[in-house]
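Please keep the structure open beside the text while reading.

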Amino acid sequence: MDYQFKDIEKKWQKFWADNQTFKAEDKTTKPKYYVLDMFPYPSGAGLHVGHPLGYIASDIFARYKRLKGFNVLHPMGYDSFGLPAEQYAIQTGQHPAVTTEENIATYRRQLDQIGFSFDWSREVRTSSPDYYKWTQWIFMQLFNSWYNKDADKAESIAKLVKHFEQNGSAGINAICDEEILSFTADAWKAMSNQEQQAELLKYRLTYLRESTVNWCAALGTVLANDEVKDGFSERGGYPVEQKKMMQWSMRITAYADRLLKGLDTIDWPEPLKEMQRNWIGKSVGALVKFRISDFPFRNSENKSDIEHPTSEIIEVFTTRADTIFGTTFLVLAPEHELVASLTTPEQKADIEAYIAQAKKKSELERMADAKTVSGAFTGSFALNPVSGEKVQIWIADYVLAGYGTGAVMAVPSGDQRDYLFAKHYNLPIIQIIDIQKIETEADPTKEGHYVNSGFINGLTYKEATAAVVAKLEEIGAGKAKVNFRMRDAIFGRQRYWGEPVPVYFKDDLPHLIEEKDLPLVLPEVDKYLPTESGEPPLARAEGWKYKPGASSVATPVDEAYEYELSTMPGWAGSSWYWYRYMDAHNDKEFASKEAIAYWKDVDLYIGGSEHATGHLLYSRFWNKFLKDLNLVVEEEPFKKLINQGMIQGVSQKIHITKSASSSHIIPGGLQFQNDEGGIKVLISDDVKKFKEKQHIGDYVSTEYSTTEHNVDVNFVDYKNQLDIEKFIAWRPEYKNAIFWCLGGCWQNGKFTPFDYSNGGDQFFTKPEVEKMSKSKFNVVNPDDLIERYGADTLRMYEMFLGPLEQSKPWNTNGIEGVFKFLRKFWRLFHNDAWEFSVSNNEPSKAELKSLHKIIRKVEEDVERFSFNTSVSSFMIAVNELTDLKCNNKAVLQDLVVILSPYAPHICEELWTLLGNEAGTLSYTAFPKFNSAYLVEDDFAYPISINGKTKLNLNMPLSLEPKDIEAMVLASADVQKYLDNKTPKKVIVVKGRIVNIVL
């Protein structure tokens with residue numbers, strides 16, 4: 001029987017599901033290997049052909065590792081909290097859980113039909129209460145922890161409280177808020193519980209504070225920086241503004257140094273590691289205090305006034321303390337807390353207008369826009385702490401409130417942005433190094449010696465830096481400091497569909513609910529919108545309040561308190577999910593110590609690089625925290641990471657114009673009557689190209705503007721020819737439009753040729769490689785391809801497209817070749833009548849050579865994740881064995897094993913046809929490579945006569961040169977070229993060539 005892929009694939013997918021073929025063991029003597037894909041958000045659109053790329057690669061590797069004797073954990077689940085389901089709920093009223101369940105069903109069907117070897121017994125869903133119970137539990141551990149800099153790890157808040165009780169705040173070296181109290185043990189004990197809790201909140205690893213956030217009013221929530229593009233939300237395209245709000249934050253900055261150092265211990269792509277390094281942004285410099293108005297530091301006798309920030313001081317972090325004498329103005333972020341008090345009445349209007357303008361930009365946009373110069377003068381001045389010079393205080397959006405102190409000392413001679421700002425607003429520029437060239441741009445040199453710089457004149461960079469920092473510390477105007485660009489992570493969304501935060505409020509302070517009350521389940525609400533007063537949707541829940549038990553803080557049992565109304569951000573559930581796969585059904589712990597001790601960490605993680613500064617950073621942060629609490633055993637969660645490239649879509653575009661006149665005349669003498677509002681004209685791409693090539697002038701009059709529009713790729717054939725009838729059925733507004741082809745025009749189903757042209761009546765689109773998305777109508781559904789060619793063909797073709805890490809355009813035309821290869825592979829096992837037929841004969845040397853070449857090649861390719869070259873090698877091997885008419889069982893059975901990670905369905909079927917037990921293929925042994933089979937006994941010697949190669953002769957490699965010469969001269973074929981002439985010389989290079997000189 002010919003290759004019946006539909007029946008074969010359905011059969012084996014059912015077998016794997018019924019028998020849980022890929023269920024990992026927790027107790028085994030086999031070495032473990034944990035292969036993980038970044039789990040998907042189940043969108044309503046389902047999978048397109050670009051989505052499975054990484055999954056197929058990881059599945060090949062997981063199957064290969066099983067064949068290599070490993071106990072492989074290869075699970076799958078769903079990151080199922082997300083904005084799309086909630087937006088749909090807002091529009092339709094359907095509960096997000098219902099939408100999510102429907103979407104998961106679609107994803108599961110599609111994943112199953114591609115034949116992945118997932119251990120579905122461990123499936124997780126972040127929106128399941130059984131799962132998010134443990135997300136909430138981890139949040140509670142963070143709330144009950146602080147970061148001890150001396151121990152360089154997180155510790156229990158109870159240990160901090162004990163220290164306060166015994167020693168007060170003395171001796172505490174913590175990552176905490178800037179404004180903390182100094183107190184004795186007696187003073188601590190004298191504080192009320194309310195006061196103590198307020199102070200402890202300044203130390204907790206998760207805490208409430210006012211933060212500048214990306215607020216999207218249309219979505220009713222705060223967005224992460226990577227969810228904002230060009231001032232609009234990435235999802236929906238709604239306006240986003242900068243706004244200050246009370247938000248939950250997580251003190252990820254406590255782990256900044258460890259996050260940096262850890263990058264040197266993991267096998268991740270270097271570009272991605274560099275992205276994290278830049279995001280963390282470690283800077284070594286100094287904190288400098290500029291006093292506002294007329295209060296110079298050198299005249300201050302009250303050092304305590306200086307040691308703690310006051311409304312009279314602006315703190316600045318700089319990595320170039322040596323340039324302080326070149327400071328000619330200060331720049332504050334528009335959101336800086338002192339802006340309002342610094343603004344004089346004369347400057348108030350300008351400042352308020354500028355702040356309103358800055359709110360429209362995201363922080364990423366503000367950082368990226370280095371060309372635009374803008375700002376506003378507050379009207380106030382500050383004093384340089386070392387020179388006493390008075391400098392203006394400005395605001396500008398290139399300074400961010402959340403980075404450093406939200407203020408910079410501007411040194412235009414050494415910083416290009418400051419230079420452009422100074423030039424634009426006519427501010428002073430002071431040369432501070434003798435070799436600086438600042439006539440046309442800033443010069444950040446560290447060479448030369450300092451000038452115009454007071455007590456550091458004549459010093460070098462290192463000398464000057466040390467001297468300035470020492471002086472600042474001496475006068476109490478600053479100190480050495482390490483700063484990080486990364487800020488604490490905002491941990492909250494004003495949305496419904498997310499994990500509830502396990503917190504209630506008493507006397508305006510947050511308290512944790514009791515662990516026995518986990519999970520705190522999402523309540524039902526009447527609508528999924530914020531309330532009329534602007535509160536998050538959870539405020540709509542009736543009676544949703546917390547009643548602490550008698551063991552909680554001292555309150556009456558019947559007293560109820562408001563819950564936190566925000567939900568956790570999208571990254572919460574994905575920051576620990578790999579541990580839940582280790583022990584997915586444990587209702588006592590997020591994972592047992594035994595399971596964590598065995599599986600440890602993820603050996604191979606595959607996913608997109610777009611998560612570099614989001615999920616991948618937060619996951620490392622949470623993992624390090626869990627390690628500090630001795631809940632996990634590894635410092636890093638993912639040993640090796642591969643970023644798969646994107647499969648891009650090939651969009652098809654049409655050129656559309658619209659006439660404003662009553663009729664439309666096409667060059668060529670054709671006139672068409674106008675539709676109401678102007679006639680639509682669609683121009684074939686070959687018309688446009690012909691015009692451009694021939695330079696014959698405008699092919700539409702100046703009354704028209706031509707725009708490009710995407711057309712559904714399903715209406716375009718492989719020659720880029722549009723099916724006009726299908727297009728009009730899809731877009732009926734074009735039923736009376738003109739379709740201008742090279743040889744004439746179509747309108748209302750009729751083609752009118754030009755009288756001067758030999759062109760055809762085909763209407764061509766313009767192909768363009770773009771991201772595959774519904775909005776571009778270039779999505780290719782894997783369901784359609786599997787229906788036509790089968791899952792094994794799809795799996796191999798996606799690998800065949802190119803290197804895993806590289807992006808590549810999708811081209812359905814090439815899939816036919818892979819399908820033909822699998823049919824040819826199937827043919828090896830069948831006779832001319834399509835009957836299964838293999839022999840038990842001894843394999844020939846040629847067959848063994850072909851087999852062991854592919855064994856070695858696949859082994860090497862899979863280990864280095866070069867799956868595309870393996871596919872090519874499989875094709876070569878099958879061609880060789882076909883030419884050899886090989887039907888040897890021993891050879892073909894090994895070939896089945898080697899190919900099975902790539903094309904598992906066809907190989908499972910052939911494995912059983914070869915007489916093996918069903919289901920054993922996945923756990924058999926990968927064939928061992930034997931180099932002896934690749935040793936050549938014969939060599940095809942090129943025979944040259946007077947330097948020109950005439951033919952090749954096969955001779956044993958064991959022959960010596962004199963024997964080779966004798967065989968060559970005795971050859972009848974060689975004698976034809978000698979023409980009865982006696983050679984003057986015969987040159988033999990053993991194993992290389994024979995040259996006869998006449």
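Predicted model: local features only at pLDDT ≥ 70, side-chain atom pairs only at ≥ 80, totals over all residues.

1. Residues are numbered from 1 along each chain as its sequence is written, and side-chain values use heavy atoms, with hydrogens and water left out.

2. If a salt bridge is taken as a side-chain nitrogen of Lys or Arg within 4 Å of a carboxyl oxygen of Asp or Glu, the count comes to 52. One of them joins Arg258 to Asp628 at 2.9 Å, N to O; because Arg258 lies in helix H9 and Asp628 in helix H19, the pair ties together parts that are 370 residues apart in sequence. Helices here are DSSP runs (H or I, at least four residues), numbered from the N terminus.

3. Arg258 is buried, with a relative accessible area of 11%, and Asp628 is buried too, at 9%, where buried means under 20% relative accessible area with a 1.4 Å probe and protein chains only. Both residues belong to a network of salt bridges that also includes Arg620, Lys624, Glu635 and Glu636.

4. What does the side chain of Glu564 contact? Glu564 is buried yet has no salt bridge, and Arg493, the nearest side chain of opposite charge, is 12 Å away. Its side chain does make a polar contact with the side chain of Trp248 at 2.8 Å (a pair of N or O atoms within 3.5 Å, one able to donate a hydrogen and the other to accept it; residues adjacent in sequence count only if both atoms are side-chain atoms).

Terms used:
Buried < 20%, exposed > 50% of the residue type's maximum accessible area, 1.4 Å probe, protein only. Lys, Arg positive; Asp, Glu negative; His and termini not counted. Helix = DSSP H or I, 4+ residues; strand = E, 2+ residues; numbered from the N terminus.
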